[in-house]
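Hello,

Here is the structure I promised to pass on. Have a look at it first, and then read my notes below.

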Amino acid sequence: MFNENEEMYEVSDFDTDVNEKKVLIEEAKKLAENEDADYNEAVKLQKRFRRIPSWESAYDEDLEEEFNKYVDVVFGKRREQFGKNEDLKKELIHKANVILESDNFNKFTKEMNELMDEWKKIGSAGRELDDQLWEAFNSARQKFFDGKHKAWENMQSGFANAKKVKEELILKAKSLEESEEWRKTSEAYHDMMSEWKKVGSAGREFENDLWDAFNESRQKFYQRRNAFYEALHSEQDEHCAKKEELIAQAKAILDSEKFTREQTAQMKEFGICWKEIGSAGKNKENELWNQFRGIMDEYFAGLKESNERRHQQWRQRLIDARTRKQELIQNQKRQIQYMEEEKIGLLGQRAIDDMDDKIEEKELFIQQLEAEINDIEKTLEKD
């Protein structure tokens, strides 16, 4: 009787265990079919299944095989997700190492932090890999932020140096703001500006105030320089107008083609006035001077030609006068000879004396002509 009850009890327990395993198989099946199946749920099901006694029967083995089939699907998905997570984390490690090659820390700090946010969202790649991957990723991040900190320290040192240099430039700029050496001081300010840019920033705390102080001196000088050149250009425009008027007057005299003493004196006066007027400015002075000098040269070349022509005419008149006097002398000598011959036939002393007087007058006239010819020749020799 006891054995029969015991057998009935065993059958009852077998059926219970089978039913419970079937329930767990259904749950494992649903979990396997779920794309978002939770690995931990599969582990819990596995533990529950293993707590159910095994009856070491073929049927029991089939149930276990079916259960493991569904659980393995969940574990397979997990392994696949591990692989995807590993790839994602390796990609983030690669991106972090690429960022390390840049020294633009301000730009890439945000990106490095964004990589960290992405890392946190990625699930596990497996217990064995998680620590290795994290060490690689965190090492890149640490190197980046160590570099950033070092760059920050260098930047602070650079700020201090830039501040010192810019304070010295401010003092130098201040000392030159009242200078009237316009070109030299402009070059000095240009060089200071180049140095200001080259030395870099003194830091957000000081940069604007330093620049305002430096630029204030620059602007004071440039305003004074601009006012000076505006006045100078206005004065040069007046000089230009006066010189253009002189050019017009000189051109009118040249075009008249009259080379009188009065016009020559006027042209010389123009030259004096030109010097007294002053410069018309670098851009116009040479052009105006070339026009004026061309007119003056042409006038005085014409004057020289006119004087030479008048001189030749004067010389020719002297030569012509000498020739006429020489001819007159020959004529007087012929008359004297004729009168000498005629005197032989005269009767009476009075007639002879009258003839001698006439001959003497002609001889005196010849002497006068010869003296005049001598003066002409001396004049020609001196010329």
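The protein chain has 10 helices and 0 strands, where helices (H or I, at least four residues) and strands (E, at least two) are DSSP runs numbered from the N terminus. Please bear in mind that this is a predicted model, in which local features need pLDDT of at least 70 and side-chain atom pairs count only at pLDDT 80 or more, while totals for chains, interfaces and linings use all residues. Residues are numbered from 1 along each chain as its sequence is written, and side-chain values use heavy atoms, with hydrogens and water left out.

On overall form, the C-alpha trace spans about 235 × 50 × 30 Å along its principal axes. The radius of gyration of the protein chain is 64 Å, whereas a compact globule of 383 residues would have one near 21 Å (taken over C-alpha atoms; the globule rule is 2.2 Å times the number of residues to the power 0.38). Buried residues (under 20% relative accessible area, 1.4 Å probe, protein chains only) make up 30% of the 383.

Beyond its neighbours within four places in sequence, Phe270 is in contact (heavy atoms within 4.5 Å) with Leu246, Gln249, Ala250, Ile253 and Phe292.

Best wishes

Key
Buried means under 20% relative accessible area, exposed over 50%, partly exposed in between (1.4 Å probe, protein chains only).
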